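Here is a short briefing on one protein chain. Start with the sequence and the model, then read the points below.

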Amino acid sequence: MNKSKKEIQPKLENKLNAELKNYKNELLNDTKNEILENSYQTTIKEEIKNFILEISTQLSINDLESLYNTKDILNVIYDEWLKYDSPFSTDLENCIFESVEHIKKRYLEDYEK
């Protein structure tokens, strides 16, 4: 955990971009109807990625490393998002911050083992 924020931020950005690209590439194997049915998920995953990148300077190094070292982070946060039931942007922001805290806690617990 000796990396700096300047080192981890571009790696996290690359990871998020790759995850989103892989998700979209998988969608291309689906039918047109299945792609349409997944349009909400696609939009939300794009928003999650963009918002994480937007707030990355506000996140701690532990937050960033926790996110970076979590497999399928867009799916993890998207699944958390589905549990929310109110206005979009504020709740998505809250969901991301809460998810980062949960992910960081699990990451730090695993790291300390």
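**A serine between two helices**

Leaving aside its neighbours within four places in sequence, S56 is in contact with K5, Q9 and L64. This is a predicted model. S56 sits in the loop between α3 and α4 (61-68). Its relative accessibility is 8%, and S56 counts as buried.

**Fold**

- The chain has 6 helices and 0 strands.
- Along the sequence, the pattern reads α-α-α-α-α-α.
- The radius of gyration is 15 Å, close to the 13 Å that the globule rule gives for 113 residues, so the chain is as compact as a globular protein of that length.
- The C-alpha trace spans about 45 × 30 × 25 Å along its principal axes.

**Contacts along the sequence**

- One group of contacts joins residues at least 6 apart in sequence; within that group, 75% join residues at least 24 apart.
- S56 has its own contacts of this kind to look at in the model, including the one with K5.

**An aromatic pair**

- How many aromatic pairs does the chain hold? The count comes to 1 aromatic pair.
- The partners are F51 and F97, and their arrangement is edge-to-face.
- The ring centres of F51 and F97 are 6.3 Å apart, with 90° between the planes.
- F51 lies in helix α3 (residues 39-55) and F97 in helix α6 (residues 88-112), so the pair ties together parts that are 46 residues apart in sequence.
- Is F51 buried or exposed? F51 has 15% relative accessibility; buried means under 20%, so F51 counts as buried.
- F97 has a relative accessible area of 28%, and this residue is partly exposed.

**Burial and surface**

- Of the 113 residues, 35% count as buried. S56 is one of the buried residues, and F51 is another.
- The chain exposes about 7,200 Å². Carbon and sulfur atoms supply 47% of that area.

**Charge**

- The chain carries 16 positive and 23 negative charges.
- The mean positions of the positive and negative charges are 6 Å apart.

**To check in the viewer**

- Find S56 in the loop between α3 and α4, then pick out K5, Q9 and L64 as its contacts.
- Next, find F51 in helix α3 and F97 in helix α6, and view their edge-to-face arrangement.

Key
Residues numbered from 1 in each chain as written. Predicted model: local features only at pLDDT ≥ 70, side-chain atom pairs only at ≥ 80, totals over all residues. Heavy atoms only, no water. Helix = DSSP H or I, 4+ residues; strand = E, 2+ residues; numbered from the N terminus. Rg over C-alpha atoms; globule rule 2.2 N^0.38 Å. Buried < 20%, exposed > 50% of the residue type's maximum accessible area, 1.4 Å probe, protein only. Contact = heavy atoms within 4.5 Å. Areas by Shrake-Rupley, 256 points an atom, 1.4 Å probe, with all protein chains shown as cover. Lys, Arg positive; Asp, Glu negative; His and termini not counted. Charge placed at Lys NZ, Arg CZ, Asp CG, Glu CD. Phe/Tyr/Trp six-rings, centres within 6.5 Å; stacked < 30°, edge-to-face > 60°.
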